[in-house]
Amino acid sequence: MSYPLRRTALAALLLGVSSVAMQAEMMAPTAPPDAPKFDAQVEPVYVNRSDIAEFKALPAYSEPAWVKAFVDAGKLPPVAERLPKEPMVYKTANMPDGNGVYGDVMRHVIGGRPEGWNFWAGQNYGWGGIDIGLVECLTRTGPLFEVNAADLQPMPNLAKSWEWAEDGKSLTVHLIEGAKWSDGDPFDAEDIDFYWNDVVMDPEVTPLMGASQETYGAGTTLEIIDAYTFKMSFTTPFPEAVLYAMAYGNFCPGPAHVLKPQHPKYGGASYAAFRDAFPADMMNFPVMGGWVVVEHRPDDIVVTRRNPYYWKVDESGQQLPYLDELQYRLSTWGDRDVQAVAGTGDFSNLEQPENFVESLKKAADPASPARLAFGPRSIGYQLFFNLSANGWGEPDARAQAVRELNRNLDFRKAISYAVDRQRIGDSLVKGPFTALYAGGLLTSTSYYDAASTVFYPFSQDSAKEALKAAGLEDTDGNGVVNLPGGADLNVTLLVNTDYATDKNIAEGVVAMMADVGVKVTLNNLAGKDFDNAREGGKHDWYIRRNDQEFVSVVQGISRLAPTGPATATWHYANAAGELDLLPFEQQLIDNITAFNSTQDATLRADAMKEYQKTFTENVNAVGLTAYPGALIINKRFANIPLGAPIFMYNWAEDNIIRERIYVPADKQIGAELRPGELAGKLGESTIKAE
Ligand code: BQZ
């Protein structure tokens with residue numbers, strides 16, 4: 001009788017219960033252990049949305065002198081004609097350092113690479129704030145981290161106001177009037193019509209963030225009323241989450257005047273040609289954002305210059321943005337941290353714990369060019385199981401066998417028991433940063449409820465018991481459990497190699513699975529290849545840094561479960577559009593529907609408690625670690641909002657409202673690469689005043 005068995009038998013005798021019964025037991029799940037105390041270093045100053053901005057006409061407007069030279073040269077209409085009837089006006093009182101001055105540059109460093117500019121056909125701009133600076137959406141949620149709970153709703157943006165019908169079954173939306181794209185073309189309902197009918201509702205087109213009709217509620221329709229008004233109609237009353245689904249990354253209308261001619265419905269050659277019609281070396285793509293891409297040196301840098309038609313001003317009538325240029329050096333995410341604390345870069349979301357200690361040390365030096373401030377614990381990693389067994393991703397026999405195991409609760413429990421979260425956290429960084437994360441909603445959302453969270457503690461014995469309960473034992477004694485047919489169980493784990501954190505966590509998981517007899521093979525893929533493999537269902541398991549839905553609930557709520565054929569990234573429908581939901585997944589969908597169908601705060605909180613309990617009890621995913629991130633910003637920048645988290649409703653590149661950030665004249669560093677230049681015509685070069 002092996003030693004562990006002898007020890008158990010002895011204990012059984014002592015306790016007078018049958019050893020077999022005790023051995024078969026798995027450790028009882030517990031409530032999640034308390035996270036180490038780690039308060040956000042700076043609290044936001046809470047305000048109402050109307051304290052941040054409003055839409056109104058001002059008596060006079062102004063612009064940088066060098067832009068005025070373009071007007072004088074007849075190359076631009078006067079600023080008042082470039083602005084909408086009622087621009088968005090940022091309130092001076094809400095600006096930490098007041099109205100700003102023009103000039104200077106923000107030097108970003110990013111790990112992505114622009115694919116092309118057709119965001120609406122799924123192309124990414126390289127992340128790291130490029131797309132956030134170029135595309136604007138109907139509403140905005142990044143700055144909501146500083147909004148009072150009582151006023152917590154998305155901020156107006158391209159949609160300046162909206163009203164619900166009495167019964168809540170429709171929403172009438174009013175667009176900003178007289179705003180223009182950066183090439184001077186009017187922004188109006190034609191852009192909304194194209195986005196809804198020829199992007200969202202066109203099954204051949206998938207926008208970057210995957211918006212589909214379900215994102216706005218199954219059965220939702222949209223009707224154009226006039227040039228600045230449209231109405232959405234819903235099948236359930238008051239689906240307020242729709243307003244969040246009108247913020248970044250969804251319902252960010254594209255320039256119909258350049259997109260439409262390329263779309264097959266309007267004479268375009270094909271859907272592939274439509275997607276590739278605006279390659280990354282094509283400059284001056286029209287935007288509604290504060291800056292336009294005027295230069296892209298592959299693998300080197302993207303340069304963006306102020307948009308002379310930008311539709312926001314400060315209370316003194318100065319047209320925004322204040323910064324004339326934003327640069328994006330094309331490097332790695334890790335290098336972003338290094339350059340930010342060194343002062344050769346100006347911004348970073350310190351999101352990889354491996355860089356915490358070094359960055360903290362550097363930033364602690366009073367002479368450091370950058371300031372660093374930690375926010376709430378809003379970064380979380382989970383291991384997701386591919387829960388489709390009806391063909392999504394065309395699995396071969398080996399993969400299909402793994403899919404069926406993934407759909408077995410005992411198997412998922414086994415994987416959770418086998419994860420030593422303390423060891424994962426410590427392998428990334430020592431200290432009070434990482435917490436033992438059960439999975440599901442993060443503690444950073446007010447909808448998180450510890451009492452509704454089920455935690456399977458680290459226990460290799462329990463893991464082995466659970467594997468046995470799932471029909472898996474090491475029948476050939478080679479240390480790897482065997483599938484019913486006798487083959488060793490071998491699982492592929494998809495990992496995003498753009499981040500050291502993802503790779504380190506994955507290596508930890510491989511070792512921990514081996515300890516309980518589960519062989520895991522890493523599928524290491526970079527950025528877009530990772531996204532494509534995940535989107536295409538080409539995985540058994542994958543590791544993912546949470547998106548907004550697990551951090552805020554309301555932002556991206558439709559992605560919290562397979563509410564539609566392509567909403568939950570771990571379970572899409574097969575080619576026939578069929579979703580083989582597990583019973584607990586249906587419960588999760590019902591919880592989300594319950595949340596979306598009421599405005600009652602208590603009923604909403606209850607719906608999310610149910611969601612969290614169902615998600616964690618059924619191990620929909622295995623929580624791996626959760627930790628706070630830190631915002632690193634060069635000290636020369638003014639108007640950085642206090643307590644801005646790197647990630648909540650959106651990333652810091654949105655949260656800090658870059659269009660109203662400025663550098664006092666005496667601190668400007670003269671690092672612009674294209675001083676005095678503005679974007680020219682689409683596909684051409686820049687223009688100069690003289
Ligand atoms: C922040 C963000 C701004 C995407 C991306 C990137 C993509 C994912 C995710 C983050 C990067 C930075 O995150 O890591 O700090 O600057 O860009 O967009 O990981 O590969 O697909 O979801 O937001």
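A polar contact is a pair of N or O atoms within 3.5 Å; within protein, one must be able to donate a hydrogen and the other to accept it, and residues adjacent in sequence count only if both atoms are side-chain atoms. The model is predicted: local features need pLDDT of at least 70, side-chain atom pairs count only at pLDDT 80 or more, and totals for chains, interfaces and linings use all residues. Residues are numbered from 1 along each chain as its sequence is written, and side-chain values use heavy atoms, with hydrogens and water left out.

**Exercise 1. Describe the surroundings of the ligand.**

Step 1. Start with the shell: 14 residues surround the ligand, and R336, E351, Y499, W651 and E653 are the closest. Near here means a heavy atom within 4 Å.

Step 2. Sort the shell by class, which gives four nonpolar, three polar and seven charged residues. Ala, Val, Leu, Ile, Met, Phe, Trp, Tyr, Cys and Pro count as nonpolar, Asp, Glu, Lys and Arg as charged, and the others, Gly among them, as polar.

Step 3. Find the elements: α10 (333-342) and β19 (541-545) each supply at least two shell residues. Helices (H or I, at least four residues) and strands (E, at least two) are DSSP runs, numbered from the N terminus.

Step 4. Now look at the ligand's oxygen atoms. A side-chain N or O atom of R336 is 2.8 Å from a ligand oxygen, a backbone N or O atom of G128 lies 3.1 Å from one, and a polar side-chain atom of N349 lies 3.0 Å from one.

Step 5. Finish with area: the ligand alone exposes 470 Å², of which the protein buries 93% (Shrake-Rupley method, 1.4 Å probe).

**Exercise 2. Locate two backbone features in loops.**

Step 1. Go to the loop between β12 (312-314) and β13 (325-330), where P321 sits. The peptide bond from L320 to P321 is cis, its omega near 0°.

Step 2. Move to F238, in the loop between β9 (229-233) and α7 (241-244). Although not a glycine, F238 has a positive phi of about 50°.
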